[in-house]
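Please keep the sequence and the structure in view while I talk.

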Amino acid sequence: MVRVQVPATTANMGPGFDCLGMALKLYNTVEMVRTGAGLSIEVHGEGAFDIARDESNVVYRAALRLFKQVNCDPGGLRIRLINNIPVARGLGSSASAIVGGLIAANILAGSRLSHRELLSLAAAVEGHPDNVAPAMLGGIIISTLVEGEVRYLKIDPPPGLKVAVAIPDFPLSTRSAREVLPQQVSMADAVFNLGRVALLVAALQQGRLEFLSTAMEDRLHQPYRSTLVPGMKKVLAAARLAGARGVCLSGAGPTLIAFADSNLELIARVMKDTFLESGIKARALVLEPS
Ligand code: HSE
């Protein structure tokens, strides 16, 4: 039996649309066994009532993709998922399923793919690398696709940096959150994001948290997605007032995330309470980078 633990991730970090993400200390576990025939899937924890237990299951599909890629017939599979990452909330649950499925299947198939190949396969399955890269490698990852291959660099999270997340009680699929985005953006908005993301990477690298508030601004996706998350602007403003250094939508949402080095519990509570003022029930958590 193979057991793989994969962290949650927060992608984009404001301006780094599809290229920046950070792993968080909140984990899903995938256990996988090859059997003679058939498929059985058990799900515990987050998504226990709604995650598919048939051939459409994301972990299973990722595993199958791996077995096909290396020309290995898995026979049957028994899969057990112990989930702590909320599903479809912008914390990388699908990336964790893809990465967990691929890594577990690779081990069961005799570790024929390298980490590099696994990462590119994970990005191909997910469609973008910013969640799967930190899910596989940990830390803060800057990643981009070059002819199907993920090129990346890792930054260690600045000492003392933690996050408060407010997780609304409704799911939002990445597909719907991408459908509201424009096909084209203005040069002014592109330049706005380039400056912010460059500043953000340098600020994270140098531990200059005082830059995060400006460096996490974004014009490429959050203005469009704010229509999908009631109270988003108010919650982010309240988190800033409570002491957050930088705030943004986590991944495609609907979770909102605040980065800080103190007052995390207060920030989390304020975010949850402010969501409630807009009629949204949310769970609030304080998490550390993984
Ligand atoms: N970069 C992706 C997005 C992350 O914002 O759509 C969500 O999977």
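Predicted model: local features only at pLDDT ≥ 70, side-chain atom pairs only at ≥ 80, totals over all residues.

**From one contact set to the whole fold**

Let me begin with A258, which, leaving aside residues up to four places away in sequence, touches V163, A164, A239, A244, V247, I267 and M271, where touching, or being in contact, means that the C-beta atoms, placed from the backbone, lie within 7 Å. Residues are numbered from 1 along each chain as its sequence is written.

A258 also belongs to the largest nonpolar core, which has 88 residues, and A258 is listed with A122, A164, A239, I267 and M271 as touching the most other members. Such a core is a set of buried Ala, Val, Leu, Ile, Met, Phe, Trp, Tyr and Cys residues joined through C-beta atoms within 7 Å, and buried means that 20 or more other C-beta atoms lie within 10 Å of a residue's own, whereas 12 or fewer make it exposed and anything in between partly exposed, with C-beta atoms placed from the backbone. Helix α2, residues 93-108, supplies the largest share of this core, eight residues; helices here are DSSP runs of H or I of at least four residues, strands are runs of E of at least two, and both are numbered from the N terminus.

Now to helix α3, residues 115-126, which reaches 16 Å from its first C-alpha to its last, close to the 16 Å expected at 1.5 Å a residue, that is, 1.5 Å times one less than its number of residues. Among its buried residues are L118, L119, A122 and V125, and the buried residues of α3 pack against α1, α2, α4, β5 and β6. After α3 comes G127, whose phi is positive, near 100°.

What surrounds the ligand? There are 13 residues, the closest being A11, D18, T174, G251 and A252, where a residue counts if its C-beta atom, placed from the backbone, lies within 6 Å. Helix α5, residues 174-179, gives the most to this shell, with three residues.

Finally, P289 lies in the segment after β10, and it counts as buried because it has 20 C-beta neighbours inside 10 Å. Over the whole protein, 49% of the 290 residues count as buried.

Key:
Contact = placed C-beta atoms within 7 Å.
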